[in-house]
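Here's a quick tour of the model you have open. Keep the viewer handy and click along as you read.

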Amino acid sequence: MDLNDQNEWWRHSVCYQVYVRSFADADGDGIGDLPGITSRLPYLRDLGVDSLWITPFYTSPQNDHGYDVADYRDVDPLFGTLGDADELLARAHDLGLRVIVDLVPNHTSDRHEWFQAALAAGPGSKERERYVFRDSTDGNPPNNWQSVFGGPAWTRVEAGPGERAQWYLHLFDSTQPDLNWRNPEVGDMFEDVLRFWLDRGVDGFRVDVAHGLVKDESLRDQVVDPDEEPSSIPEESTAGGVGASGDSMVERHMRDEPMWDQPEVHDVYRRWHKVLAEYGGDRMTVAEAWTQTPESMARFVRDDEMNQAFNFSWLLAPWSAEAFSEVITGTLDAIEDVDASPTWVLSNHDVVRHPTRYGGGATGLARARAAMLTMLALPGSSYLYQGEELGLEQVDVGPEHRSDPSWFRTGEEGRDGCRVPIPWGGEDPSYGFGPSEAQPWLPQPVDWAPLTVAAQDADPDSTLSFYRAALAARRKLALAAGDDVAMLDLGTDVLAFRRGVLTVVLNCGTEGVELPAGDIAAASGKLEGRLLGADTAVWLRSG
């Protein structure tokens, strides 16, 4: 594989996830927007990333912060205009950055014109065939499926005069009705959406809930063992340190899942693959697919489907050399037969930030830096979540400020704590997030002044400086190291592997580890001679 082949730029890209509401606010309303992102693009270039993924900015009532789309071909006024989107794309490309936009094909907003037409048209209409409407004769939901956000996955629609009452399916919030992907109209509409944004110059699409588009045609009940709760939500993982706080969609545990990962979903992505191929071969798709095994994940990245799929295995793993080793070998083995490149990710907008998962405080930050340096040494692409380069931890957002729909449906804490706007400078909120000095849409902690970009910029020991150095080292050393990874045995609590001229060692234990031969090329923390301390990683270069 030619690493200079621009038609496969995503294979080794470092992609920075921008949560649009919380990155930068240009107009002073306390909510991030597209002009705010554009103004900070030089920061991303200087950080050393190759691309950025922007969460949904389409027209939306914002019940799920943009993941409830009312118009896929326009920008919500909250975030700007189509002209602002065009300017962002042009500026990013001028700076050498690729732009991936979020696509939400599993469901629309209940404000989408299609759903409003379906409600008006009534049972048996072609308008309702665009969604999953069903009758129920006993007054109960049509099946036992549960919403990811808690409660039944069905909402009853009141019947008009002379009509029968029906229910509609929503695997997420009741304001997010699921589309019926067995209806050809749905596929045609999304092909038009793809072309709309491809024509404007986007470089790729991150596909939300990519495993969920097609449901078992019978809509049968989910088969539940006696010790299981009927559920379509992947449960939180306490073993991985993610916490039981309703904050994420992680760790699939149900044996029977008629609502997820149906075989026909792959037909959708084969069609999309053909569309993107018409645009010169340098456009890409990456799936958010919560699958049960590495093998099922690999099916999404066969050579006629998607280019990448998020690999959440490391995100789910506890702080353990053995667990990390299993993630690496399992991932590489799974994609070997489909000629895909692996992806690696530690945090995103749906999960507790990884410094907090790894214990918080100084320990959590040391582990987070070590894990990130180890991840960057692996072949494939890495996805970073905004603010992790500043060492931000999960924020305890008070109940009065929470806005995650899962909080309102379940009473559990939700995902707001990882979505707090990032600090750019100054001593007090909003830390340069926007022109207003007032707290933004989610309040920032009052002790964040030492974590701002401005505070860390000139400090050679800061987490921001570490990220810049690590990303520069990756460009210089890791990209030319080849794709073969050989695991090494340096002890039970040590993860070690060799990739070309690089040897990578991560100490997950409590005792120091003597380093093997090689010149030190990068380290996540201070070293004492050739002794690698606890919660520290190092790159060694030979030859």
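Arg475 sits in helix H14, residues 463-478; helices (H or I, at least four residues) and strands (E, at least two) are DSSP runs, numbered from the N terminus. Bear in mind that this is a predicted model, where local features need pLDDT of at least 70, side-chain atom pairs count only at pLDDT 80 or more, and totals for chains, interfaces and linings use all residues. Residues are numbered from 1 along each chain as its sequence is written, and side-chain values use heavy atoms, with hydrogens and water left out.

- Arg475 is partly exposed, at 46% relative accessible area. The cut-offs here are under 20% for buried, over 50% for exposed and partly exposed in between (1.4 Å probe, protein chains only).
- Which residues does Arg475 contact, leaving aside its neighbours within four places in sequence? They are Gly48, Val49 and Asp50, where contact means heavy atoms within 4.5 Å.
- Arg475 and Gly48 are 427 residues apart along the chain, yet their C-alpha atoms are separated by 8.7 Å.

**Val49, one of those partners**

- Val49 is in the loop between helix H2 (41-47) and strand S2 (51-54), and at 2% relative accessibility it counts as buried.
- Leaving aside neighbours within four places in sequence, Val49 is in contact with Val14, Tyr16, Leu44, Leu97, Leu384, Leu471 and Arg475.

**Ser382**

- Ser382 belongs to strand S13, residues 381-385.
- Is Ser382 buried or exposed? Ser382 is buried, with a relative accessible area of 0%.
- Not counting residues up to four places away in sequence, Ser382 touches Ser13, Val14, Cys15, Trp344, Met375 and Leu376.

**Helix H6**

- H6 covers residues 265-277, 13 residues in total, and reaches 19 Å from its first C-alpha to its last, close to the 18 Å expected at 1.5 Å a residue. That expected span is 1.5 Å times one less than the number of residues in the helix.
- The buried residues of H6 are Val265, His266, Val268, Tyr269, Trp272, Val275 and Leu276. They cover an arc of only 165° around the axis, which puts them on the same side of H6; the arc is that of the directions from the helix axis to the C-beta atoms.
- An α-helix has 3.6 residues a turn, so residues three or four places apart point the same way.
- What do the buried residues of H6 pack against? Their partners are S5, helix H5 (184-200), strand S9 (204-207) and strand S10 (284-287).

- The search runs on a 1 Å grid over the protein atoms alone: a cavity is a set of points where a 1.4 Å probe fits but cannot get out, a pocket is an open set with protein on both sides within 12 Å along at least five of seven lines, and lining residues have an atom within 4 Å of a point.
- Across the whole structure there are three cavities of 30 Å³ or more.
- The second largest cavity holds about 60 Å³ of space, and Leu34, Ile54, Phe57, Ala85, Leu88, Leu89, Val99, Val101, Trp197 and Val202 line it.
- Helix H3 (82-94) and strand S5 (98-103) each supply at least two residues of that lining, with the largest share, three residues, coming from H3.
- The largest pocket has about 470 Å³ of space. Of its 21 lining residues, the closest to the centre are Thr291, Gln292, Phe312, Ser313 and Leu316.
- Helix H9 (321-335) is one of the elements that each give at least two residues to the lining of the largest pocket, and H9 has the largest share, five residues.

- Most residues other than glycine have a negative phi, and most peptide bonds are trans.
- The peptide bond from Pro429 to Ser430 is cis, with omega near 10°, and Ser430 lies in the loop between helix H12 (405-410) and helix H13 (453-457).
- Tyr431, in the loop between H12 and H13, has a positive phi of about 50° although it is not a glycine. Tyr431 counts as buried at 1% relative accessibility.
- Asp339 has a positive phi of about 55° and is not a glycine either. Asp339 is in the loop between H9 and strand S12 (343-345) and counts as exposed, at 57% relative accessibility.

Notes:
Points joined across faces, edges and corners; volume = space filled by probe spheres on them.
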